Amino acid sequence: MKDDTRALASYRRGVVAVGVVTLLIGAQALAATPPTIGIKEFKYGPSILTVPVGTTVTWVNHDEEPHTVTSGTGAFSSAGLVNDDTFVQTFTKPGTYQYFCAIHPYMKGTLVVK
Amino acid sequence: MDRIDRRGFLECMAWAGTGVVWIAAGGVLSSRLITDASAADAAAGSFTFVQISDTHIGFKGEANKDAAATLQQVVDRVNGLRPAPAFVLHTGDQTHGQKAGAFDTVAEILKTVKTERIFYVPGEHDVFLDGGKEYLARYGKGTVDDRGWQSFDYKGTHFVGLVNVLKYKGEGMGSLGDEQLEWLEKDVAPLSSSTPIVVFSHVPLWAVYPQWGWTTEDAERALVSLRRFGSTTVLNGHIHQVLRKVEGNISFHTAMSTAFPQPAPGSAPAPGPMKIPEEQARRMIGVTEVAYVPGKHPLAVVDSTLG
């Protein structure tokens, strides 16, 4: 009976350990693939994205037409992106960042950093 | 230039891209394909000029792998014109998104055009990165306050180059701005109403398709100051296809690109380069002949494409 209890406790510790490892792997996987916002047919996708503070966000322009990722407040600004060029920006301060394309100002996106 | 038959000519034009030759004779403007202007058109007192638009040097896409090569082919055609054009108008988007070195490439290629002078107005692709700093450093000299807009007279015709890409508003429409509009009003005020006027700018000065930004939001004020003239011709680029409209004595034309076509207004989810094979794209560059007669006569337009 005692052996059975020990075995059960050991099993439970094992389950907890596996769970912790899974969480760690999950966190590493998240860190390894930072969020990407695609630009296609003159639209940011997703046009609204929420990320935790410290996240590095990548924009990729899939159009043959150049686009930019330009903050409405001047907080950040990409060069002209074209043919799968990327723009990478790390967000260390919480806030709501509105951005647009300087060549096509009707293209608008929002990044929420929490 | 060697004589070639119509079919051969169309085939050449289809892969060479296009430019438009404008012929002024006695205040009457008409346009011909660049290969079609012959000595027969050179009546006494007339002159020709060429409009080149949307060269987009730096563009590399499905519709055109080498925008510099198609521009060079257009230049070669212009250089075959007899008589040579008095001057050339470039109606903007020299570069594709101000790609590094693109302005130099355009200058290098256009240096070989056999003409007296080339006049420029900017497209949004030429100015969006730096607010027009590089463009104006290259082409601002001799324009009004070095700001890019300008006017000049040639054999009795008054030409006005306007800048409508430096003040993009929220919806991405072209905009001239109060200072330029005031200058325009003063510029044309002393002219007799019988003076033929040619206005050139990048974004159309008429509402082609505002949903895609294909219009200039404050163009109406400019047009008000031009309505009293018996003959006004407005030449634009930006939309990479030929569209035309007549409004009273004002005739509007948009030019084809030398690089790639864009979709017809509203026919695609978004504007931008059409993703089609080069061969098909070059057929779409097509051929246009426009005859303009001042007064109440309608435009005579002939568009020819392969296919």
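**Strands, hairpin and contact**

Reply: Start with chain A, where Gly38(A) stands opposite Gly45(A) in β2(A). This is a predicted model, with local features needing pLDDT of at least 70, side-chain atom pairs counting only at pLDDT 80 or more, and totals for chains, interfaces and linings using all residues. Residues are numbered from 1 along each chain as its sequence is written, while chains are lettered from A and ligands numbered from 1 in the order in which they are written.

Me: What makes β1 and β2 of chain A a pair?

Reply: Strands are DSSP runs of E, at least two residues, numbered from the N terminus, and two of them pair if DSSP finds at least two bridges between them. Strand β1 (residues 36-40) of chain A and β2(A) have three bridges, in the antiparallel sense, so they pass.

Me: Why are β2 and β6 of chain A at the edges?

Reply: The open sheet runs β2-β1-β4-β6 (chain A), with mixed pairing. β2 (43-45) and β6 (86-91) each have a single partner strand, so one side of each lacks a neighbour in the sheet.

Me: Which way does β7 of chain B pair with β8?

Reply: In the parallel sense, over four bridges; Gly161(B) has Phe200(B) as its bridge partner there. With strand β6 (residues 150-154) of chain B, strand β7 (residues 157-161) runs antiparallel, joined by five bridges. In that hairpin, with two residues between the strands, Lys155(B) takes a positive phi near 45 degrees.

Me: How many residues make the contact between the chains?

Reply: 18 from chain B and 15 from chain A, where contact means C-beta atoms, placed from the backbone, within 7 Å.

Conventions: Contact = placed C-beta atoms within 7 Å.
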